[in-house]
Amino acid sequence: LNHVSLSAVLLYKTRWVVSRQMRFEGGFQGRCNKLVDGCYSFWQAGLLPLLHRALFKEGESELSRQRWMFEQQALQEYILLCCQNPTGGLLDKPGKSRDFYHTCYCLSGLSIAQHFGNMDLHHKIILGREENRLAPTHPVYNICPEKVAQALQHFHRLPVPQDNRQPGASADRLSEPTTASTSADLQS
Ligand SMILES: [Zn+2]
């Protein structure tokens, strides 16, 4: 991909994702002609921080420095009003039962909707009372950004393991060409 077309692909993808946020419910659907579902609060809205950063790197000048490219307040309304089970846990949509999967990804999406930015630039939009505020979550690893930073620091300090396998061993043949072509792809 050359410079212009990468930006175009990112914009196309952004347009697809933001169109998955439903005008009436405020939550996200998984794909066209599907009903809104609480877990896509993370699977779809969690893409917007990634696209925001990728477009920023591509030099997009129209990007907000305060908001992601979706209606953060409307998503919070959907999760808080429609996805809570009164006895605890969160769900897909009213009428469905609670489960750990939807509890996790509704909360993760709520966190994305509440926190804009990264560790340097941060802007909060908390719907309702302050006690609704969640800790920020990392859009790739879905754990607190500080923990991601600590993990990266830890692994960067470790020495690169020596490869003690015999040349020509089957694992060698499988892994080496893949690694090489992946890094070449990333650089082109
Ligand atoms: Zn779901």
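Predicted model: local features only at pLDDT ≥ 70, side-chain atom pairs only at ≥ 80, totals over all residues.
Residues are numbered from 1 along each chain as its sequence is written, and side-chain values use heavy atoms, with hydrogens and water left out.

**The chain overall**

- The protein chain has 7 helices and 2 strands; helices (H or I, at least four residues) and strands (E, at least two) are DSSP runs, numbered from the N terminus.
- Going along the sequence, the pattern is α-α-α-α-α-β-β-α-α.
- Of the 188 residues in the protein chain, 35% are buried, where buried means under 20% relative accessible area, exposed over 50%, and partly exposed in between (1.4 Å probe, protein chains only).
- Contacts (heavy atoms within 4.5 Å) with a separation of 6 or more come 54% from residues 24 or more positions apart.
- The accessible surface of the protein chain is about 12,600 Å², and 57% of that belongs to carbon and sulfur atoms; the areas come from the Shrake-Rupley method with a 1.4 Å probe, and for residues only the protein chains shown count as cover.

- H5 is largely enclosed by the rest of the structure, because 11 of its 15 residues are buried.
- Among those buried residues are His102, Tyr105, Cys106, Leu110 and Ile112.
- The buried residues of H5 pack against helices H2 (40-43), H3 (47-57) and H4 (72-82), plus strands S1 (115-117) and S2 (122-124).
- At the start of H5, a side-chain oxygen of Asp99 comes to within 3.1 Å of the backbone nitrogen of Tyr101.

**The nonpolar core**

- The largest nonpolar core has 27 residues, and those with the most contacts inside it are Phe28, Leu48, Trp68, Phe70, Leu75 and Ile79.
- Helix H1 (3-18), H3, H4 and H5 each supply at least two residues of this core, with H5 giving the most, at 5 residues.
- A core of this kind is a set of buried Ala, Val, Leu, Ile, Met, Phe, Trp, Tyr and Cys residues joined through side-chain atoms within 4.5 Å.
- Leu48 touches Thr14, Val17, Val18, Trp68, Met69 and Phe70, leaving aside residues up to four places away in sequence.

**Salt bridges**

- There are 4 salt bridges, counting a side-chain nitrogen of Lys or Arg within 4 Å of a carboxyl oxygen of Asp or Glu.
- Lys93 pairs with Asp92 in one of them, the closest N and O atoms being 2.7 Å apart, and both residues are buried.
- Glu131 bridges to Arg129 with the closest N and O atoms 3.4 Å apart; Glu131 counts as exposed at 60% relative accessibility, and Arg129 counts as exposed at 60% too.
- Glu130 forms a salt bridge with Arg133, with the closest N and O atoms 2.6 Å apart, and Arg133 is partly exposed at 40% relative accessibility.

**Asn142 in its loop**

- Asn142 sits in the loop between S2 and helix H6 (145-157).
- Its side chain and that of Thr137 are joined by a polar contact of 2.8 Å; a polar contact is a pair of N or O atoms within 3.5 Å, and within protein one must be able to donate a hydrogen and the other to accept it, while residues adjacent in sequence count only if both atoms are side-chain atoms.
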